[in-house]
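These are my notebook entries on a structure that I looked up. The sequence and the coordinates come before my notes.

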Amino acid sequence: MLKSKPLLLLSGFLFLLPFLSQAQQQWMVYLKDKQHKNFNPYSYFDKKAIERRVNAGLPLDDPSDWPVKETYINEISLMANDVIITSRWLNALAVEADDLQINTIRQLPYVLAVEWIKPSQMQAAGYEDYDTSVSGNEAQILAGQLKTLGIDDWQKAGIDGKGLRIAILDVGFDRADHVPAFDQIRSEKRLIATRDFTTRGNNENVFYGNGHGTEVWSCIAGKIGDIQIGLATGAEFLLAKTEKSSEKFSEELYWLAAAEWADKNGADIINSSLGYTGKRYFNWQMDGKTSFVTRAANIAAGKGILVVNAAGNEGSDPWHYIGAPADADSVLSIGGIDPETGYHTGFSSYGPTTDKRMKPNVSAYGHVIAAAPAGLTSTQGTSFASPLVAGFAACAWQTNRSLTNMQLFKEIEVSGSLYPYFDYAHGFGIPQAGHFLNKNQTPIPQTFKIIENGDSVTIVVNKYLIGKTAASENPGSQSMKRNEDEPGSSQEYLYYNIMNKSGVLDSYYVLDVTQSEVLTLFKSDFLHGETLNVHFAGYSISVKL
Amino acid sequence: MKRILTISLLLLSLSVFSQEILLQQNVKADTIRPSRGPNLRNFTQGYIGLGFPFFTNETVRYTRPGVSSDFSFGLRYKRRITNYFALGLDGGIHTTSYKLKQSEPKTVPDTAINDKEKIQISTLAGSAFMRINVGRRGNYIGNYLDLGAYGGWNFQKKHKTTNENAEGENVRESTTRLKYIENFSYGLLTRIGTSRYTLTAQYRLSDIFLSSYSMPELPRLIIGFEVGLFR
């Protein structure tokens, strides 16, 4: 009944497939021990890296910085097809090997563990003579993206991130070596080093491929004549290309290698407008410890570097939540604000983390004007909110270089426009320059009250603030504002959340306020011990329900 | 339930006060871990496919490879066992058209030469398969290999001819409920896919024609592609 030839072909097809899928794989090979021999922090680290460690009270001779044993590297490189990276922090090598090779490597007495890795997907948010023209609406966004972060105050104080070194890990910096937004940085030789981690060897050319990194860099420090795009125009830079669209998981490895390179080269801040989500992980794995890149980011923070990362652009997608490494507890995760409305922009990924930590930490404009390879462009994504805050962080750190990275992290949170109020869409809101520049800020007058009457709780706002410009009525108020005629002057929103006993939000809301009595809630509708937190026009109140 | 009531009351109260809710997130509800999805415990998807009979030297005289076709659609269920292994079932309808070559000698299903002629069999089929996934991934189907077996009831068996008459008109004739075709079919299948795009191959172990009619067998191997229908 069976016809032997076709069946033979089919059988061949069936049996061939599994073997075809078992060609070269990538593996992480973790080693048992390291060598201290020949490690001299003063020759290994850039002097700024040493300064940062000293400032942060970190040991200069830390085992995690010791080199991977050369004998191990040599032996393994002979057994594997290729060594992709070596990591001091993880005491590991990423290698390309087939099953037979990796089984041999696994048997080596100094191999602690072998982890199989496969490609993942980079989720980078949104992007020929140089065009600096912008439309009226774009000019408003351009002004607003820095005004909301206090550019006037920073300029008045002469703060521009000078002395800070910022590493940018991105997909490519197409023509950034010619884009006029970085003329000053180039002429003052503040572009310290570049490195393409996506190619073998020590390739220093990162100015090709994708222009995402060019736009990101401009949101940190871009300036063309009088047009300022980012805040940290005086900072120094390290540019690392860690992404290429064809290889997936290797990009997380490149991120790790670039972070180590940034550390070695004295970076104070890393900006990473990258995120890894569903192609490799489930959203409940955003717990700050599961993803490879998250672990790497936490180690970088442990080295005294402030790691700033985009929250992600999955707010409207089924994924919904932040990506990795924005889930890391030591990573300052940045959400996106819509300039048109003044609150969370729909695509910006939400928190919290799976283990219920607040993310994002703070927010900035998610729709920006950036310097693309061919001209100024309107673009969107938390990819651009992140560098805006990275530039802010550089300015903030310049005001007090004695702060450790995590102290700065906390201060940036405290400076947030909503602080102490928070939610999982905005974090603590938009960081405010005044917190760092004017320690004697006038207390904000009460803008609303909560009237408790038996079982009911009613929120009543001051009538004079309804539909009016809070900033003009209430100077000094820290509030998120809607961009109407001019960025930074607009109507206030009422933010409220319901927090459980553990300090985790059960729900949160933003309301448009069109009348004095905004909202009535009934205590009997809530669980005992829950708290109602309300924020309006720079003022926050909490009430036990 | 209490929470739903609360939200309802809240929405009611807000509407009374004419305050517009600009943003609303219920974290408790959001954090319920789903069990249905491309790489979750249960996953059901639709599919639509097209295949072509291949590799039948004895029967090539009777069919036109590349013109004959197998159209299929159905639903497929997958139960995740591990990140790398799953089991599944599917059900669907296959309509296979064998277009018969009109040249001597011709014996299927008879010796008559027509302008066009085909045997069309529609099968209500079910299959069971095991899936081997390659690579770590999140809630994505990813890259996979399916190996399985299928069986089905040939619920519609048609013989169709088209001939031009003396007036130059096309005369189409269709004969159904063919007695010389088996009622059931079964065979092996394999699929190799990435996300919603799949290459398929199925090998029919059963015969099409009843052995008592002594007709040469039609192609057993069908190779084609499928597109998954899911978000």
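**Entry 1: a helix of chain A**

I looked up helix H12 (residues 382–399) of chain A, which has 18 residues and reaches 26 Å from its first C-alpha to its last, close to the 26 Å expected at 1.5 Å a residue. The expected span is 1.5 Å times one less than the number of residues of the helix. I take helices (H or I, at least four residues) and strands (E, at least two) as DSSP runs, numbered from the N terminus. The model is predicted, and local features need pLDDT of at least 70, side-chain atom pairs count only at pLDDT 80 or more, while totals for chains, interfaces and linings use all residues. Residues are numbered from 1 along each chain as its sequence is written, and chains are lettered from A and ligands numbered from 1 in the order in which they are written.

I then asked whether H12(A) is enclosed or open. H12(A) is largely enclosed by the rest of the structure, because 17 of its 18 residues are buried. A residue counts as buried if 20 or more other C-beta atoms lie within 10 Å of its own, as exposed if 12 or fewer do, and as partly exposed in between; the C-beta atoms are placed from the backbone.

**Entry 2: nonpolar cores**

I noted a nonpolar core as a set of buried Ala, Val, Leu, Ile, Met, Phe, Trp, Tyr and Cys residues joined through C-beta atoms within 7 Å. The largest one holds 151 residues, and those touching the most other members are A:Ile166, A:Ile269, A:Ile270, A:Val389, A:Ala393 and A:Leu494. H12(A) gives the most to this core, with 11 residues. Beyond four places in sequence, A:Ile269 touches residues including A:Leu164, A:Ile166, A:Ala390 and A:Ala393. Contact requires C-beta atoms, placed from the backbone, within 7 Å. A second, separate core has 8 residues, among them B:Tyr98 and B:Ile208. In soluble globular proteins, nonpolar side chains tend to be buried together.

**Entry 3: chain A as a whole**

Chain A has 15 helices and 22 strands, and 52% of its 545 residues count as buried. Its domain assignment, which is automatic or from a database, gives domain 1 (22–117), domain 2 (136–397) and domain 3 (448–544). The centres of domain 2 and domain 3 of chain A, taken over C-alpha atoms, are 31 Å apart.

I checked pLDDT, the predictor's confidence in each residue, from 0 to 100. Chain A averages 87, and 88% of the residues score at least 70. Over residues 119–128 of chain A the pLDDT stays under 50; over residues 481–489 of chain A it is also below 50. Where pLDDT is low, the predicted coordinates should not be read in detail.

**Entry 4: one lysine**

Where does A:Lys523 lie? I found A:Lys523 in the loop between strand E20 (517–522) and strand E21 (531–536) of chain A. A:Lys523 is partly exposed, since 16 other C-beta atoms lie within 10 Å. Apart from neighbours within four places in sequence, A:Lys523 is in contact with A:Asp455, A:Val457 and A:Leu545.

**Entry 5: chain B**

I recorded 2 helices and 10 strands in chain B. Of its 231 residues, 31% count as buried. Strand E2 (residues 42–54) of chain B pairs in the antiparallel sense with strand E3 (residues 69–82) of chain B over 10 bridges; pairing needs at least two bridges found by DSSP. B:Leu50 has B:Phe71 in E3(B) as its bridge partner. E2(B) is also joined by 9 bridges to strand E10 (residues 221–229) of chain B, again antiparallel, and there B:Ile223 is the bridge partner of B:Phe52.

Key
Two residues are in contact if their C-beta atoms, placed from the backbone, lie within 7 Å.
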